[in-house]
Amino acid sequence: MRARVFVTLKPSVFDPQGRTIAEALHSLGYKNVEDVRQGKYFELDLATTEAATARALAAEVADKVLANPVIESYRIEVE
Amino acid sequence: MRFGVVVFPGSNCDEDAYHAARDVFGQDAEYLWHKDTDLKSADVLILPGGFAHGDYLRTGAMARFSPIMGPVRAFAERGGPVLGICNGFQILLEAGLLPGAMLRNRGLKYRCEHVHLRVEQTDTPFTRSARAGQVLRIPIGHGEGNYFAPAEMLKTIEANRQVVLRYTDPNGALNDEWNPNGSVNAIAAVCNERRNVVGMMPHPERACEPLLGGVDGRIIFESVLKAMTSGGSTGPALQLAGQ
């Protein structure tokens, strides 16, 4: 199965890259883009056919390695 | 006294730290390769600056899993003095040996310049020769030195007096214009609760000789020499924690 892990800074943490991108978009005329948050995206190919197992494994590596819980949170999709 | 300088693939201030320990202060020094697990009887450990493992994923995130980090953690837990400089600080944060995390600098620029630091705490092995309130002029060089801790953690760190250095103006006054990276509460260095592990973004090893434009970094090394060799005025000498 494949797990997709999306890691982003927590809402309470200032994201200077996202802010800079938002300002660039505003200067290009995209006034309706109110805010941008930048994050990281991981695709994990997992040797399992069980969705629950895949999700648990992805969560474990996200907790341990892919995200820093002090500043980041993550979301997982499996297929 | 023997300094152990941990070398990761991508470390680039290891030779500077080694040079300061051996040539400026006349101490023994050993490089400790990240794949080794032998601390070579070091009395004090330095995790130097650089870009360990390319800083892939996050700064310090990969280095935390290097084999040497097991013995480094055990050394720290025995009370041995550990100093993380710049990338070394980032590694100690990722390893959970110090509280908090690093974000990209406010302004997104890599900052390479001298900064002014106010000494907040002198009861750590790396600041005990300094005076509280003393202002040090030491260089920084980093893109991710924007120290962050969530509100509750920050409260605890401040209450425990774990903020060791803060960015200030040349007179030691807090001023956001003199905070080079946006660190919360202008934090430039923190210690653990036990106070034997210190992480700092500025580079004291680059400020130990007049030729390099300043000698204010010497006090960090002089402090740990004093801490390890005498009782000093702020408490008993640290237990020698070598293997």
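Guide: The sheet in question belongs to chain B, is open, and contains nine strands in the order S2-S1-S3-S4-S11-S10-S9-S6-S7, with mixed pairing. At its edges stand strand S2 (28-33) and strand S7 (135-142) of chain B, each with a single partner strand, so one side of each is left without a neighbour in the sheet. From one strand to the next, the twist averages 25°. Strands are DSSP runs of E with at least two residues, helices are runs of H or I with at least four residues, and both are numbered from the N terminus. Two strands pair if DSSP finds at least two bridges between them.

This is a predicted model, in which local features need pLDDT of at least 70 and side-chain atom pairs count only at pLDDT 80 or more, whereas totals for chains, interfaces and linings use all residues. Residues are numbered from 1 along each chain as its sequence is written, and chains are lettered from A and ligands numbered from 1 in the order in which they are written.

Within the sheet, strand S10 (residues 187-191) and strand S11 (residues 197-200) of chain B run antiparallel and are joined by three bridges. The bridge partner of B:Ala189 in S11(B) is B:Met200.

Helix H3 (residues 87-94) of chain B lies across strand S3 (44-47), strand S4 (82-85) and S11 of chain B, at about 115° to S4(B). Axes here are lines fitted to C-alpha atoms, for helices over the stretch in contact, and angles run from 0 to 180 degrees between N-to-C directions. Eight of the eight residues of H3(B) are buried, so the helix is largely enclosed by the rest of the structure. A residue is buried if 20 or more other C-beta atoms lie within 10 Å of its own, exposed if 12 or fewer, and partly exposed in between, with C-beta atoms placed from the backbone. Among the buried residues of H3(B) are B:Phe89, B:Ile91, B:Leu92 and B:Glu94. Their cover includes S3, S4, strand S5 (101-103) and S11 of chain B. After H3(B) comes B:Gly96, with a positive phi near 80°.

The largest nonpolar core has 77 residues, of which B:Val5, B:Val6, B:Leu45, B:Ile46, B:Ile85 and B:Leu92 touch the most other members. Such a core is a set of buried Ala, Val, Leu, Ile, Met, Phe, Trp, Tyr and Cys residues joined through C-beta atoms within 7 Å. Helix H5 (residues 218-229) of chain B gives the most to this core, with six residues. Leaving aside residues up to four places away in sequence, B:Leu45 touches B:Gly4, B:Val6, B:Val72, B:Phe75, B:Gly80 and B:Val82. Contact requires that the C-beta atoms of two residues, placed from the backbone, lie within 7 Å.

As for the chain as a whole, chain B has five helices and 11 strands. Buried residues make up 56% of its 243 residues. Of the contacts in chain B between residues at least 6 apart in sequence, 75% join residues at least 24 apart. The C-alpha atoms of chain B fill a box of roughly 45 × 40 × 40 Å along the principal axes.
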